[in-house]
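Please keep the sequence and the three-dimensional view side by side while reading. The paragraphs that follow go from strands to helices and end with a single residue.

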Amino acid sequence: MPEIWFPNLGIKIDHLSRTAIKIGNFNIYWYGLIIGAAIILATLLVIHEAKRSGQKPEDYIDFASFAIVLSVIGARLYYVIFSWDMYKDNLIKIFAFREGGLAIYGGVLTGILCGIIFAKKRGINFFLLADTVLPSVLLGQVMGRWGNFFNCEAFGGYTDSLLAMRIKRSLVNDNMLNADVLSHKIVENGVEFIQVHPTFLYESCWNLCLLIFMLWFRKYKKYDGQMFWIYLFGYGTGRFWIENLRTDQLILFGTGLAVSQALSLVLILVAAGNLIWRGR
C-alpha cells in the first residue's frame, strides 16, 4: 500500500521519508537539501542576470551572502510571531529550526528591507537591484515548496479533484488537520489516509509560470522596478487564492483572517496601483 499518491492521476509513492541522508544519529532532511540546492541555483541565476544587464556580479554575491541568512531568520520570526501560542511557554523552541516553521512572506519582506539598505550603501538603484534579484527569488520559491511535499505539510482541505493527493495520516502533523479533512478520512486495510488539495504543488506551479513570464518580459521592461511590481502582483494574486485552501493558515491576531491573505491583498493593491501609475 503506498504512503502517498494521487488517486485520480494513478501516481503512487510506496515510501516517503523526510530523511535524505542519515549519518549515525544525525539526519539530513530533504527539506534542507532542497533549500540548499535552491540557494545555489538562485545565486547562479542572479549572477547571470547581473552580467546580462551590465552590472557587477560581485555586488549581488555580496548581497546574497547576508540577505539569504537574514531572510531565513525573517521567515522564522514571521512564523513565530503569528504562532506565538506554540512558543510562549517554551521560548527555546524558537531556535529549533530543524522542527520546521518558516513563513515565506517573512523572508520576502526581510529580503526587501535588506535590498533597500544594501542598495543605499552601495549606491545602487533599489528597483534595479530588485528587478535583477526577483527571478532568483521565484526560482527558490518554486523549488522550496517541494520541501513541503517531503514534510507532508502545506496542503489544503479535502478534495476529489484531478490533482487530489492522498496521504497516510501517520505522516501528517495533527495540527494541520481540520474537521473537513478528518470528516473525509479514508481507511484502507486498517490504515487511515487523508485526501487533500496539494497546495504546495499549486504554488510551485504558479510561481514557475510567473518565473517564465518574468524571464520573457525582462527584455521588454520599460523602467526599473517594473519587474518588482509584477512580482508582488503576481505572487500576491497566486498566494491569495491558494492560502484560502490551506489548513495551516497563520491567523492575524484577533481577526480570524489569514495573515498571508491580508498581506497578499495589500501587495496586490499597491503593486497594481504602481503598475497603472507608471504605465501612464
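Which residue in E7 is the bridge partner of Val-187? In this predicted model, the partner of Val-187 in E7 is Glu-192. Strands E6 and E7 are joined by three bridges and pair in the antiparallel sense. Together E6 and E7 form a hairpin, with two residues between the strands.

E6 and E7 belong to an open sheet of five strands, in which the order is E2-E1-E5-E7-E6 and the pairing is antiparallel. At the edges of this sheet are strand E2, residues 11-13, and strand E6, residues 186-188, and each of these pairs on one side only. On average, neighbouring strands of the sheet are turned by 20° against each other, with direction ignored.

In the order of the sheet, E7 stands between E5 and E6. Strand E5, residues 165-168, pairs with strand E7, residues 191-196, over four bridges and in the antiparallel sense. Two pairs of residues may be located here. Met-165 stands opposite Val-196 in E7, and Lys-168 has Phe-193 of E7 as its bridge partner.

Another pair of strands may be examined next. Strand E3, residues 19-23, and strand E4, residues 26-29, run antiparallel and are joined by four bridges. Ile-23 has Phe-26 in E4 as its bridge partner. E3 and E4 form a hairpin with two residues between the strands. In this hairpin, Gly-24 takes a positive phi near 65°.

The helices require a different description. Two packed helices are described by the angle between their axes and by the distance between those axes. Consider helix H1, residues 30-52, and helix H4, residues 126-151: their axes come within 8 Å and cross at roughly 165°. Angles over 145 degrees count as roughly antiparallel, and H1 is therefore roughly antiparallel to H4. The crossing in which H1 passes H4 is right-handed. The residues of the contact of H1 with H4 comprise 17 nonpolar, seven polar and one charged.

H1 also packs with helix H2, residues 57-81, at an angle of about 150°, and the axes of H1 and H2 are 9 Å apart. By the reasoning applied above, this angle makes H1 roughly antiparallel to H2. H1 passes H2, too, in a right-handed crossing. On the side of H1, the contact is made by Ile-39, Thr-43, Val-46, Ile-47, Ala-50 and Lys-51. On the side of H2, the contributing residues are Pro-57, Tyr-60, Ile-61 and Ile-68. Sorted by class, the contact of H1 with H2 has eight nonpolar residues, one polar and one charged.

Finally, attention may turn to one residue. Gln-141 has its place in helix H4. Is Gln-141 buried or exposed? A residue counts as buried under 20% relative accessible area; the value for Gln-141 is 6%, and Gln-141 is therefore buried. When residues up to four places away in sequence are not counted, Gln-141 touches Ile-104, Val-108, Asn-207, Tyr-231 and Tyr-235.

Notes
Residues numbered from 1 in each chain as written. Predicted model: local features only at pLDDT ≥ 70, side-chain atom pairs only at ≥ 80, totals over all residues. Heavy atoms only, no water. Pairing = 2+ DSSP bridges. Axes fitted to C-alpha atoms, helices over the stretch in contact; angles between N-to-C directions. Parallel < 35°, antiparallel > 145°, perpendicular 65-115°, else oblique. Left-handed = near helix turned anticlockwise from the far one by under 90°. Nonpolar A, V, L, I, M, F, W, Y, C, P; charged D, E, K, R; others polar. Contact = heavy atoms within 4.5 Å. Buried < 20%, exposed > 50% of the residue type's maximum accessible area, 1.4 Å probe, protein only.
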